[in-house]
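This report describes a structure chain by chain. The sequence and the model are shown first.

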Amino acid sequence: MMVLGRYKCLFWVIIFAIRFSEIQAQPNLDTVRIDSLHQTFDKENTAQPEPMFGAEYERILDKADRAFKIGLYKQAGKYYKEAAKINPNSIYIQYRLKEIENRKSNLRNFFFYFDFEKPDILIKSITYLVIYFIASMLLILLVILIHRNQMDSVEKRKQVLREKYQSLLVDFLFSTDNASKVPSDIKKIASSLFNRRILIDQMIDLSINLSGETKDKLRNLFFALKLERDSIRKVYNRKWHVKVKGFHELAFMDIVEANDQIIRCLQSKNDIIRMEAQLAMVRLGHGDSFGFLDHLSKPFTLWEQLTVYETIMFHNLPIPHFDRWLYSKNKTVVQFALRMIEIFKQREAYPNLFWMLVNDDNEIRNLTIRTIGNLKIKDALPHLKRLYKNETYQNCLAIVQAIAKMPDEKILHFLTLVIDKEEDVQLQIEAAMAINNMGEIGRTALQKLLNSDYKNYQIIIKHVLDKRIA
Amino acid sequence: MKILICEDDLMTLKALEHKLKNDGYETITVHDGKQAIEMLNTQKGIDLLLTDLHMPLISGLELISHVRNEMKSHMPIVMLTRVGLEDTVLHAFELGADDYITKPFSPEELSLRIKRLLLKSRN
């Protein structure tokens, strides 16, 4: 395309050069004074000398000649025709008009016939559009430049203020002076909205890594400067990022005044608002950190569950009895409760877990079976055995795996039946492994099965008994 | 007593510096492990190293390893770490760290731990 473009340019340059040389090469016609031509023609027509037609005629003829010379043939033609009205017998004018017609019809002239005097609508529109776009571009560039400069200067100002406030805050926090007295420097900062925002950011940054008396002192300063009003206002803001910032500030400063609004945000369509509201409520729950689960109707995603769990661990929050949420209408909340019961080893939740084994939802049953297995609740073994018959394949697998985690001789017969009756290899392997986990009794049972010569599961048992694999 | 504080978070660094200065220690502050190594090589008489574990360029673990294995120094080392990084803390202890404190931390508690370690190393 580039090469083509270059050739195109070259073509136009050549055409212009030809056109220019053509104009230059016509001195005889274009530069010859009218008088000499007149004379020439007059000499030929001595019998009828051309009369003088006055100054107006000469002026029109001059204009026509000038236009002809610079290639404005349409204009030239117009003037020659005007002149011809005054002197219809002029051979010179007729010659010029004929020449104009010739040039117009000439192929080269066809390309170079620009009528700049009366541009048509298309040329006019394009010209205006080009001017408009160039002007817009310049304007936009100017706006961007001004905006960037403004941003740079604001950022520089912020950086200076940040460093200043950091020093002020650290001085205040570690000074031995009266803690309840707010220094006038900091009070002054809090009077301006711009400065207050930077001050709040610095206080939150500091509060993240501090605890104990120092954190309390920082919190008291936050209240003394009435900065909590700004944070609460942010929670009610329509912009999501401002809202989230408000949640953070309230959570870190332990301000519960806006809890109602945060609870409302738990049902937000915006995933980020919802997750941040959950995290804020975990921190601001005060004895009931997970109370927000009662209000949660939207799905509690795995990522949100993980983030909440991380928050509990990071801030060392009190752990509630999670079986409280096993009967929640929100399936994802039930799943979260099951996971937490397993992680925090809440074995006392078994009576409620038992009912989850007969839950209508397949996934909840599966998770319950796994939780029971990981918690090694042996009381559940007879129930798991009973459920096996009517369960889905995945849940059957989960049952056998759960049984394997709590080896019990009482279940040996059931597992032997699984190996014997099931046709699925995975189930057979899991059952054999469960028997193997029972120790000597299990291994003897497997050996016995291995010796029976009318079944084809020997290879599975050999695989399980292979010590290199275990 | 001279303490080298190595922490990439500027706000925490300032807070630590201020607190330890208030307690009467001389402090040197650096933002990453690389600067800390340079400082340990050039500055003499550093009595204790207080370092964050997660830092740019050279991590806290690498710094501890450098102090114990390359410099063969026995200066007390206190780590600053986050909750839930038990494995990293154990690894740091294996490398030769003396104590650790988790963020968010109480400056008062940190001060006491440092005091105790310095007393122990002097004895």
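## Chain A overall

The model is predicted. Chain A contains 25 helices and 0 strands. Of its 470 residues, 42% are buried.

Among contacts in chain A with a separation of 6 or more, 64% join residues 24 or more positions apart. The accessible surface of chain A is about 28300 Å², and carbon and sulfur atoms contribute 59% of that surface.

## A nonpolar patch on chain A

Leu122(A), Ile126(A), Val130(A), Ile134(A), Met137(A), Leu138(A) and Leu141(A) form a nonpolar surface patch of about 670 Å².

One of these residues, Val130(A), belongs to helix H8, which spans residues 121–174 of chain A. Val130(A) has a relative accessibility of 42% and therefore counts as partly exposed, since that class lies between the limits of 20% for buried and 50% for exposed.

## Helix H2 of chain B

Helix H2 of chain B covers residues 33–42, and its buried residues include Gly33(B), Ala36(B), Ile37(B) and Leu40(B). These four lie on the same side of H2(B) because they cover an arc of only 100 degrees around the axis. An α-helix has 3.6 residues a turn, so residues three or four places apart point the same way. The cover over the buried residues of H2(B) includes strand E1 (2–6), strand E2 (26–30) and helix H3 (60–70), which are elements of chain B.

At the N-terminal end, H2(B) is capped by Asp32(B). A side-chain oxygen of Asp32(B) lies 3.0 Å from the backbone nitrogen of Lys34(B).

Terms used. Residues numbered from 1 in each chain as written. Chains lettered and ligands numbered in written order. Predicted model: local features only at pLDDT ≥ 70, side-chain atom pairs only at ≥ 80, totals over all residues. Heavy atoms only, no water. Helix = DSSP H or I, 4+ residues; strand = E, 2+ residues; numbered from the N terminus. Buried < 20%, exposed > 50% of the residue type's maximum accessible area, 1.4 Å probe, protein only. Contact = heavy atoms within 4.5 Å. Areas by Shrake-Rupley, 256 points an atom, 1.4 Å probe, with all protein chains shown as cover. Arc of directions from axis to C-beta. Polar contact = N/O pair within 3.5 Å; in protein donor to acceptor, adjacent residues only side chain to side chain. Patch = residues over 30% accessible without salt bridge, like charges linked within 9 Å, V, L, I, M, F, W, Y side chains within 5 Å. Salt bridge = Lys/Arg side-chain N within 4 Å of Asp/Glu carboxyl O.
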